[in-house]
Amino acid sequence: MKPSLQAGLTGTTQLAVDRERSIDFMGDAARVYATPMLLRDIEHGCRDLLLPHLESGEDSVGTRVELDHLAATPLGFLVTLNIRVSAVDGRAVTFEVEGSDGVDTICRCKHQRFVADVKKTEARILAKRQKAGA
């Protein structure tokens, strides 16, 4: 991790709610931003904010999420995710995220990521596969 990784860093992600991001089980008239896709977008936004502050060979993995999905966002709306690093504790990084669709605050989230060495992670996964006989 670079010394630039500090609490207080901020970033913004904007995206349109397209069909891939929406639920389909209530019909086209009720297509709205799906919670699992919102979570995916939050994770990607947090990772994107983190990446410039990591060393070569480092990346991050999500370890915890507390997500309140507060309002439905219809298909085609533009969503803005405002992301802030609220704490850095060793390799653990905590983010606070608030999302808006231009009409409502659609979510509040606390997300934690762990900065990992990619090669060490690959070795641990390989060892686990071998242990499982896979």
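How many bridges join β2 and strand β5, and in which sense do they pair? The two run antiparallel, over eleven bridges. Helices (H or I, at least four residues) and strands (E, at least two) are DSSP runs numbered from the N terminus, and two strands count as paired if DSSP finds at least two bridges between them. Keep in mind that this is a predicted model, where local features need pLDDT of at least 70, side-chain atom pairs count only at pLDDT 80 or more, and totals for chains, interfaces and linings use all residues. Residues are numbered from 1 along each chain as its sequence is written, and side-chain values use heavy atoms, with hydrogens and water left out.

Now step back to the whole sheet. It is open, with five strands in the order β1-β3-β4-β5-β2 and antiparallel pairing. β1 (10–16) and β2 (58–69) sit at the edges with a single partner strand each, so one side of each has no neighbour in the sheet. For one spot to look at in the pairing, find H69, whose bridge partner in β5 is C107.

Next, the helices. Helix α1 (residues 35–50) packs on the sheet and touches β1, β2, β3 (78–89), β4 (92–100) and β5; contact means heavy atoms within 4.5 Å. Helix α2 (residues 118–132) lies across β2 and β5.

What about the inside? The largest nonpolar core has 26 residues, and Y33, I42, L81 and F95 have the most contacts within it. Such a core is a set of buried Ala, Val, Leu, Ile, Met, Phe, Trp, Tyr and Cys residues joined through side-chain atoms within 4.5 Å, buried being under 20% relative accessible area (1.4 Å probe, protein chains only). Its largest share, six residues, comes from α1.

How values were computed
Axes are lines fitted to C-alpha atoms, for helices over the stretch in contact, and angles run from 0 to 180 degrees between N-to-C directions. Buried means under 20% relative accessible area, exposed over 50%, partly exposed in between (1.4 Å probe, protein chains only).
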